[in-house]
Amino acid sequence: MPPSNSFTLNTIGIVHSCYKEKFGIPRQPGLVTEATARLELIPPYSRLDILEGLESFSHIWIQFVFHACMTENWKAKIRPPRLGGKTKMGVFATRTTHRPNPIGLSVVKIGNIYQENKKTFIDLHGADLLDGTPVLDIKPYLPYADSITDAQGGFFPAPAQIKPVLFSELAKSQCENYENLHKREITTLIKQVIGQDPRPSYLSEQLDREHGITLWDINIKWCARNDHFEILRIENK
Ligand SMILES: C[S@@+](CC[C@H](N)C(=O)[O-])C[C@H]1O[C@@H](n2cnc3c(N)ncnc32)[C@H](O)[C@@H]1O
């Protein structure tokens with residue numbers, strides 16, 4: 001009997017992350033190390049014994065659903081932003097979110113594993129996950145098996161170049177006030193996120209155009225200058 005070609009998978013947890021919208025989320029994990037998130041395991045998986053031993057690993061694989069792209073169709077050919085949006089590649093040669101099965105895969109550094117108000121959490125560092133992302137599975141990252149040092153990276157040989165990010169006097173003082181008030185670091189997070197140049201490729205030549213990105217409960221207004229990005233101000237969401 002041929003295997004069934006559709007399966008039911010269960011969500012084991014939900015990600016709570018600093019990224020409240022897709023725009024601005026780095027294209028892979030580990031690029032914005034300052035980004036914090038936590039994975040909340042949901043019943044019946046919300047228990048510590050199910051995670052026993054995981055604390056001895058530094059990273060986990062997270063398999064998740066691109067839930068914010070569920071209504072968008074997949075395409076056989078994709079224009080990877082890394083190629084300037086000009087060249088098309090086969091969907092299975094890319095890490096696009098628009099896939100036949102909207103499943104994502106990320107290696108993420110873990111922090112504390114704990115329970116709070118009867119809920120079970122794993123702290124995550126440097127994830128590329130939207131707030132609310134449903135998680136299907138987690139597995140320990142095994143360097144001896146998962147790290148192929150002589151692997152070929154195709155047209156994604158290395159991370160994109162980081163651009164310098166400067167803050168206006170207004171933005172600098174607003175960030176200081178926010179950090180003092182909320183005891184939450186945002187200056188480095190903003191630098192790392194904007195330094196990735198989140199603009200879609202068709203806007204990458206445009207200077208002085210104002211953009212906005214939402215991180216936690218603030219909207220960051222910024223623009224591209226000749227050789228750097230400038231943070232103009234931050235606004236409460
Ligand atoms: C290029 S994908 C790569 C994701 C994963 N590392 C992979 O390779 O499967 C990264 C992008 O996915 C998008 N993304 C993250 N979480 C998402 C979600 N829950 N639903 C839809 N898109 C999401 C963000 O815009 C992020 O920049």
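Q: New to this one. Which backbone atom of Leu-130 lies 3.1 Å from the ligand, and what ligand atom is that distance to?
A: The model is predicted. In it, a backbone N or O atom of Leu-130 is 3.1 Å from a nitrogen atom of the ligand.

Q: And how much of the ligand does the protein bury?
A: The protein buries 92% of the 600 Å² that the ligand exposes when taken alone.

Q: Which elements give two or more residues to the shell around the ligand?
A: Strand E3 (59-65) and strand E6 (103-116) do. The largest share comes from E6, with three residues.

Q: What about Ile-25?
A: For Ile-25 the atom is a polar backbone one, and an oxygen atom of the ligand lies 2.9 Å from that atom.

Q: Which residues come nearest to the ligand?
A: Of the 21 residues around the ligand, those are Gln-28, His-67, Arg-95, Asp-128 and Thr-133.

Q: What do the six strands close into, and in what order?
A: They close into a barrel, with antiparallel pairing, in the order E1-E2-E7-E6-E3-E8.

Q: How far are neighbouring strands turned against each other?
A: By 45° on average, direction ignored.

Technical notes: Residues numbered from 1 in each chain as written. Predicted model: local features only at pLDDT ≥ 70, side-chain atom pairs only at ≥ 80, totals over all residues. Heavy atoms only, no water. Near = heavy atom within 4 Å. Polar contact = N/O pair within 3.5 Å; in protein donor to acceptor, adjacent residues only side chain to side chain. Areas by Shrake-Rupley, 256 points an atom, 1.4 Å probe, with all protein chains shown as cover. Helix = DSSP H or I, 4+ residues; strand = E, 2+ residues; numbered from the N terminus. Pairing = 2+ DSSP bridges. Axes fitted to C-alpha atoms, helices over the stretch in contact; angles between N-to-C directions.
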